[in-house]
Amino acid sequence: MAASNAQSTAVKSYFKAPEGRYKLSYEKTHPAGLLHYSHGKVVTQVTLSQLKDKPVAPPPASSSFSSTSSVRNAAARLLGGVNGTRMLGFGGSNGTSKPSTANKVPASPAAAAAVTAHSPTAASHSPSVVSSYDGEGTYIIFNVGDTLFISDYNSRDKDPIKAIHFSSSNPICHAFDSDAKDDHDLLIGLNSGDVYSVSLRQQLQDPGKKLVGAHHYNKDGSLNSSRCTAVAWVPGGDGFFLAAHADGNLYFYHKNKDGTIDASLPIIKDQTQFSVTHAKSSKSNPIARWHVCQCPINSISFSADGQFLATVGRDGHLRIFDFAKEQLICGGKSYYGALLCCAWSPDGKYVLAGGEDDLVQVWSMEDRAVVAWGEGHNSWVSAVVFESCWTLPCSDGAEESTMYRFGSVGQVDTQLLLWDLVMDEIVVPVRRCAPGGSPTYSTSSQSSCVDNVTSAGLLQSAPSRRDVPKLSPVVAHRVHAEPLSGVIFAKDSIITCSHEGHLKIWTRPCRTNSPAGNSDVPLESLNNNE
């Protein structure tokens, strides 16, 4: 009987999906003997980063705009309100890494680093580098305890090639921008509230054991001492980023502005209402503060065009903002407990959210409501991510349908779930008939309840589960023996990550016409989520 139970709970090295078989290719982890006592107090998050060819010196700053007008106008207003008619040039990416055929990472002694007892500090001079090492390639970045690890995605070696130790605080979150113009492409948020921006290439080139060339924001929690829960680059804005905190505030920064200048902001008058406050001085960094809620913000995610921002928090609310207009436009609530993660579809039509109710909710921007519940997890949903969408072939003159593939991982159930969403095929539940009445079908606007801390009824309460279509996963596979914290869709694989900092790379099946085998699928990371 014991042998039978052990066999049933064993983690298999493959799983089957509609497009074929995924196989466990290799694993990544950290040197167990080097971990600090704080290991286990911090949940591991994972980011996939793609370094391109070594960049040339950026051209002089231009006042022209090459980004979407919504993001352009938002930043121009934020800074223009302080600097008169000052204009900003744009041309950055949305923080989503893109695949490249140049994935070979040159070997170098400078690529190896161990944990050190020094805390990272900003360097005012260029670090010593190995000239033969350009850092080109794909890397996995993950935090465990008080250390940030960098691992070579294309190497089967388990151990990371770089480890950066933080003696006074723990790294909590990170985000990468593959198209950063000045090489500062990596954000790191700490438990102390501090935020750093650094060059990933520079960290790999430097033979030392601490951050080099770092820009430091909210130093020693001078502006906000609550932990930094999430960071994200603003899509289409070169160098702008957001940092979320456990006290319910978001801060809007530019990476090249001095983060040590006093940027004190006025006290928030009404803690129950969403509000935006701009810094009075043109030299201030952060540029603005968004007061979102009175509880920790667990995750933030931008739509691909940067027009909308989604946040989820301890209060169980999904909030969606028009980022350019700085307005809360809609949102909903979990069925139970906190929401822990969120992610946008590539076309910006849907938002995923998951959390302590064990469900994945699909929010429609067109309907401004939950249009499907994903049921399949037996524990909290710790990460969600869209992979891609594609048009299904039509027949008999029918209109074309769009299918979305997304994934989720659970904490205690340790399962990876893959889902295929086709809105035209979702069956809307039939409501029970009132006596003497006829059956009626639920629509996408089931709830008329309004959260009592919001104005204008922008946040809906959770609709009855019997009124919302149920979505079942196409794959449910136990991928780890430990609680899960992250999942990434890469070009050639799916990467899963546990709380303890153990990562598995699952190789995709042979190429097909589905997005799961599409060579154009970008590298995407959670968490965030984005």
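**Notes on aromatic pairs and strands**

Phe252 is buried, with a relative accessible area of 2%; buried here means under 20% relative accessible area, exposed over 50%, and partly exposed in between (1.4 Å probe, protein chains only). Please keep in mind that this is a predicted model, in which local features need pLDDT of at least 70, side-chain atom pairs count only at pLDDT 80 or more, and totals for chains, interfaces and linings use all residues. Residues are numbered from 1 along each chain as its sequence is written, and side-chain values use heavy atoms, with hydrogens and water left out.

1. Let's start with the rings. Rings of Phe, Tyr and Trp (its six-membered ring) pair if their centres lie within 6.5 Å; planes under 30 degrees apart count as stacked, over 60 as edge-to-face and the rest as tilted. That rule gives 20 aromatic pairs. One of them joins Phe15 and Tyr22, stacked at 4.9 Å centre to centre with 5 degrees between the planes. Phe15 is buried at 4% relative accessibility, and Tyr22 is buried at 0%.

2. Back to Phe252: its ring centre is 5.7 Å from that of Phe323 and the planes stand at 90 degrees, so this pair is edge-to-face. Phe252 belongs to strand S13 (residues 249–254) and Phe323 to the loop between strand S18 (317–322) and strand S19 (327–333), so the pair ties together parts 71 residues apart in sequence. Strands (E, at least two residues) are DSSP runs, numbered from the N terminus. Phe323 is buried too, with a relative accessible area of 3%.

3. An open sheet of five strands runs in the order S11-S12-S13-S15-S14, with antiparallel pairing; two strands pair if DSSP finds at least two bridges between them. Strand S11 (228–233) and strand S14 (275–278) are the edge strands, each pairing on one side only. Five bridges join strand S12 (residues 240–245) to S13, and Phe241 stands opposite Tyr253 in S13.

4. Strand S1 (residues 14–17) is worth a look as well. Phe15 and Ala17 make up its covered face, while Tyr14 and Lys16 are on the uncovered one. In a regular strand the side chains alternate between the two faces of the sheet. S1 and S2 form a hairpin with two residues between them, and Ala17 has Gly20 in S2 as its bridge partner.

5. Finally, two arginines. A charge sits over a ring if NZ of Lys or CZ of Arg is within 6 Å of the ring centre and within 35 degrees of the ring normal. The charged end of Arg21 sits over the ring of Tyr14, 4.2 Å from its centre, and Arg465 lies over the face of Tyr335, at 4.9 Å from the ring centre.

Conventions. Helix = DSSP H or I, 4+ residues; strand = E, 2+ residues; numbered from the N terminus.
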